[in-house]
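Please look over the sequence and the model displayed here before reading on.

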Amino acid sequence: MSFHLVVGHGPAGAATTRLLAEQGHEVRVVTRTGRPAAPADGVEHLALDASDPARLAEAARGAVAIHGCAAPPLPRWAGHWPALAAALCAAAEDSGAVLVMLGNLYGYGPVERPMTEDLPLAATGPKGRVRAAAWEQARALHEAGRIRAVEVRASDFFGPGVTEGGHLASRAVPALLRGRPVAVLGDPDAPHSWTYLPDVARAMVEVAGEERAWGRPWHVPTGPALPVRTMVERLTAEAGTDPVPVRRLSPVLLAAGGLVSPLLRELRETRYQFDRPFVVDSSAYEAAFTVRATPLEEQIAATVARWRERS
């Protein structure tokens, strides 16, 4: 088996690390603290600042792939993403490893159709622009023959391992398990794509070894778009609890909360994702590779089971 470097150990980094280790690969995980939440065989944790190009390049030497799963805190994206993206590219160039970047859908900005990978990166907000710039830098280096790079783009994460920050995680599941109302951003009846976290890891690992995947972005296989209200109904049915009200957070309360919460202030840029249909088309990936979206029933069951374990 081979050596992989995983940069970041949030939900996606942890899931990718776990999958690589299960497949028998040697894995080194880079985080600022180097302290794993749960040590695992075959996984080394290294403390360093991933935006330091020299140190990251040293950590990547000998790797067949660098999985870029790290992200600065949301309020610091504009200031911190450029250095992190540059360091990832430098490490890929120095080591010869394939750079697998985990991306999202911010770079497209508001669109009026299902999102496909050929849409222009036309975001005007700072978070969308900085994410688009990170991929454009990697793609330019790939096209110049200096690195090998691919980006895997996901919608909002869902599933076991998604806790803080997830729209269908800590903001919703503990409440519905206790029979309490769930408050959500935007229109609770607008179709919305949810990308199952284990499928993100499976796609990250698959494209790392597929040369025909490199040089372009791909959408993680994602099931049909379902409104927040429908997802909450499916979660309560699986949990065996009574249905709960799903309420839209008042824009006035959100604005007031933004005065004291940096996170709520930052979410204003991407609120359009919940005010209208937000639909991912992953048919290009599914036509080319083997990973498929996990059936929704399995996603729901695994998510409820994990939250019951936590409670």
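What follows is a report on helix packing, helix geometry and one proline in this predicted model.

## Packing of H2 against H3

Helix H2, which covers residues 53-60, packs against helix H3, which covers residues 77-95, at an angle of about 45 degrees, and the two axes lie 8 Å apart. H2 and H3 are therefore oblique to each other, and their crossing is right-handed.

On the H2 side the residues that meet H3 are Pro53, Leu56, Ala57 and Ala60, whereas H3 brings Ala87, Leu88, Ala90, Ala91, Asp94 and Ser95 to the contact. Sorted by class, the contact of H2 with H3 holds eight nonpolar residues, together with one polar and one charged residue.

## Packing of H3 against H4

H3 also packs against H4: the axes of H3 and H4 come within 9 Å and cross at roughly 15 degrees. Because angles under 35 degrees count as roughly parallel, that crossing makes H3 roughly parallel to H4. The crossing of H3 and H4 is right-handed.

From H3, the residues making this contact are Trp77, Ala78, Trp81, Pro82, Ala85, Ala86 and Cys89, and from H4 they are Lys127, Val130, Arg131, Ala134, Gln137, Ala138 and Leu141. The residues of the contact of H3 with H4 comprise 11 nonpolar, one polar and two charged.

Helix H4 runs over residues 126-143, a stretch of 18 residues, and spans 25 Å from its first C-alpha to its last, which is close to the 26 Å expected at 1.5 Å a residue. After H4 comes glycine 145, whose phi is positive, near 80 degrees.

The buried residues of H4 are Lys127, Gly128, Val130, Arg131, Ala132, Ala134, Trp135, Ala138 and Leu141. Among them, Lys127, Val130, Arg131, Ala134, Ala138 and Leu141 are also named in the contact with H3. As background to such patterns, an α-helix has 3.6 residues a turn, so residues three or four places apart point the same way.

## Proline 198 in H6

Helix H6, formed by residues 197-208, contains proline 198. Is this proline 198 buried, partly exposed or exposed? With a relative accessibility of 27%, proline 198 counts as partly exposed, because the partly exposed class lies between the buried limit of under 20% and the exposed limit of over 50%.

Proline 198 and proline 11 are 187 residues apart along the chain, and their C-alpha atoms are separated by 9.4 Å.

Terms used
Residues are numbered from 1 along each chain as its sequence is written. This is a predicted model: local features need pLDDT of at least 70, side-chain atom pairs count only at pLDDT 80 or more; totals for chains, interfaces and linings use all residues. Side-chain values use heavy atoms; hydrogens and water are left out. Axes are lines fitted to C-alpha atoms, for helices over the stretch in contact, and angles run from 0 to 180 degrees between N-to-C directions. Helices (H or I, at least four residues) and strands (E, at least two) are DSSP runs, numbered from the N terminus. Angles under 35 degrees count as roughly parallel, over 145 as roughly antiparallel, 65 to 115 as roughly perpendicular and the rest as oblique. A crossing is left-handed if the near helix is turned anticlockwise from the far one by less than a right angle, and right-handed if clockwise. Contact means heavy atoms within 4.5 Å. Ala, Val, Leu, Ile, Met, Phe, Trp, Tyr, Cys and Pro count as nonpolar, Asp, Glu, Lys and Arg as charged, and the others, Gly among them, as polar. The expected span of a helix is 1.5 Å times one less than its number of residues. Buried means under 20% relative accessible area, exposed over 50%, partly exposed in between (1.4 Å probe, protein chains only).
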